[in-house]
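Here is a short note for a colleague who is opening this structure for the first time. Please read the points with the model on screen.

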Amino acid sequence: MRYLDEFRDPELAARLFADIARATTREWAIMEVCGGQTHAIIRNGIDQLLPPAIELIHGPGCPVCVTPLAVIDKALAIAGMPDVVFCSFGDMLRVPGSEHDLFQVRSHGGDVRVVYSPLDAVRIAEDNPGKQVVFFAIGFETTAPANAMAVFQARQRGLTNFSLLVSHVLVPPAMEAIMSSSNGSSNGSRTSRVDGFLAAGHVCSVMGSWQYEPLVERYGVPIVVTGFEPLDVLEGIRRVVIQLEAGTATLENAYPRVVQAAGNIPAQAMINDVFEVCDRTWRGIGEIAGSGWRLNERYRAFDAEERFDVAAIDSPESTRCRSGEVLQGLITPHECEAFGRECTPRTPLGATMVSSEGACAAYYQYRRLDATGVELRGRGG
Amino acid sequence: MVADAPNFAGWSCPLPLRDHDRVTIGHGGGGQLSSELVEHLFLPAFGVTAGSELRDSALVDLGSVRLAFSTDSYVVRPLFFPGGCIGDLAVNGTVNDVAMSGAQPIALSAGFILEEGLEIAVLGRIATDMGKAAESAGVRVVTGDTKVVDAGLADGLYINTAGIGIIPEGVDIRPARAEVGDVVILSGPIGLHGIAVMSKRENLEFGTEIVSDTAPLHGLVAAMLAASAHVHVLRDPTRGGVAASLCEIAAAARVGIEFEETRVPVPEQVASACSFLGLDPIGVANEGKLVAIVASHAVDDVINAMRDHQFGREAVVVGVVTADHPGVVVARTSFGARRVVDLPLGEQLPRIC
């Protein structure tokens, strides 16, 4: 229950800000990959206090943001079916599909429940043999072990009324897609602006940090494995800046209290038992090869897409949304014509406006204050 | 998709409500959705003109006496939680709504909607707790009603209470009175009730048990008013937490509010639970706390009086009312940066990452 104040200490933060300012002599664009890091940055205003030469680009690491519209629509279709209990993590309930969200399914009589662990959904399935219980298995490598464990347990217990709607996504292929310039951008001629990465600490705690060595070598970018408390984020930024200024590109671990090079071996074994790599579409970015997990052949019977025959649902993303370019730092949110007009946090067109952690949603709030005439240094505004 | 941003400023048609054709759980969350329901559906239907001042309790002016009148319904699950139950909550909540206009509560009504099958012993415990809460608050439950619905149509029981109180001569406390230069006071640590109920409901354990702060606040209010005539606004930050209260005050008075995050007392267990669940303590419900907006020259008098009272011992100044950014609440973070604090949309949802 400790570990809060220690990593939020304002004096230590001031020292790190000063170190970063001293080290910075040129303009650098640094991407924090994970939505949890974006949240820490926005919540504490870290981006406002960095030297103007440092630009933070909020990466595609918010699972709520990147789950494609078609998958949300599949979830809504299943959740609206009779005798289905649809279980989800809390913040997916408000993500709009093409026409409505899970809250609205519930208001039309659907049985949609917030759970805190996929194992809760397994228990619900055991307790309700007359219902089909579906868990919405989204997220990165971080949530995968528990989701794998849930389906593993369901199979062991012979539960025929439990299934997963899987939309797992993987971080390294997404980073690779961002680095290899044109992928996902509607403006394929521009190259990635990202000079260095803060890798997502909790993903690395599961998969290990070794996965990022090839990216460092191939693209010559510094990658620093970084935690989620404000001081963790600052330390990650400091280390990236020092590397960039020195012209080096190595993989560093700034989160050693949680992350080991090899990762969590039993968790990986659980994942490998249940999932296999597949191509995956990212909301706002498009399809990235080998960037997801799906249930493997042995567990295919637990796949909700097949059980409920929703695999054919294919909802087109808004053609006006430019979140793919925002996610890669190619444009700032307000450079999109739809920003603040037909696209707001209440009526989001795409990934980055969906979650409060998304770049567009965060920017929307800051702009609101700007509009009142208060001096507040935004990014690229 | 619509071509322009939705503009509901001048909208008075009671239906449809934005993008919802049915009530969702968020409409009861005390945030934007609740406000929209009140503003766009109830007020027009009741013939109340747009722009009317909305407060925790209504003012009924009888000429010789001014009454504060308020009502609230209690649908909490579980019925019993660490620190209280639905019964004392139903008494304290309405006492507090009445007290937030500076009134001395005098009488309550209690309406019960019982689910067929509810154990009489459970109802007895709840009624006893209500009686005790009313006694310690110095109010009487003077009228009531009981209805029973079929099994499965209620979560055990729901309670509605309404309360009236007398507003002392010369007292004028309401959100629109917040003035530039005023100071924002919080009566103590936040987030206890919301996290206590949530941890019990969802079987989440955070090491030590978190106990609800449910308490009647009219005594504290009376002490504050006795100490100074310059208390401008009082608000009990229940659903939507301190964030919702400050946003509503900023909007009603067309002023900006800026507060220091580090000055807001958040108990360690609440901070841990919020960190774990991805919630913001500033948006979590309280049931025994108040936010006060006070003239700056009266701060010492008011805060000393609060600290002498059992429910205000940890009262602190957390911020100021400013002419900058009217209608907008800004938090100054521990690092010295600033962020906009929004009225939550509906209920806060646990985050995935």
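**The second largest pocket and some local points**

1. Strand 10 of chain A gives the largest share of the lining of the second largest pocket: four residues. Strands here are DSSP runs of E with at least two residues, helices are runs of H or I with at least four, and both are numbered from the N terminus. A pocket is an open set of points on a 1 Å grid over the protein atoms alone, where a 1.4 Å probe fits and protein lies on both sides within 12 Å along at least five of seven lines; lining residues have an atom within 4 Å of a point.

2. This is a predicted model: local features need pLDDT of at least 70, side-chain atom pairs count only at pLDDT 80 or more, and totals for chains, interfaces and linings use all residues. Residues are numbered from 1 along each chain as its sequence is written, chains are lettered from A and ligands numbered from 1 in the order in which they are written, and side-chain values use heavy atoms, with hydrogens and water left out.

3. The second largest pocket has 23 lining residues. Nearest its centre lie Lys74(A), Val166(A), Asp279(A), Arg280(A) and Glu305(A). Two or more lining residues come from each of helix 5 (69–79), strand 6 (162–169), strand 10 (275–282), strand 11 (286–295) and helix 14 of chain A.

4. What is the make-up of this lining by nonpolar, polar and charged residues? The lining of the second largest pocket has nine nonpolar, three polar and 11 charged residues. Ala, Val, Leu, Ile, Met, Phe, Trp, Tyr, Cys and Pro count as nonpolar, Asp, Glu, Lys and Arg as charged, and the others, Gly among them, as polar.

5. Now chain B. Ile185(B) is in strand 8 (residues 183–186). Ile185(B) is buried, at a relative accessible area of 0% (buried is under 20%, exposed over 50%, partly exposed in between; 1.4 Å probe, protein chains only). Its C-alpha atom is 7.9 Å from that of Ile303(B), 118 residues away along the chain.

6. Asp309(A) has phi near 55° and is exposed, with a relative accessible area of 68%. His325(B) has phi near 35° but is buried, at 1%. His325(B) sits in the loop between strand 12 (316–322) and strand 13 (329–332) of chain B.

7. Check one peptide bond too. Arg77(B) and Pro78(B) are joined by a cis peptide bond, with omega about 0°.
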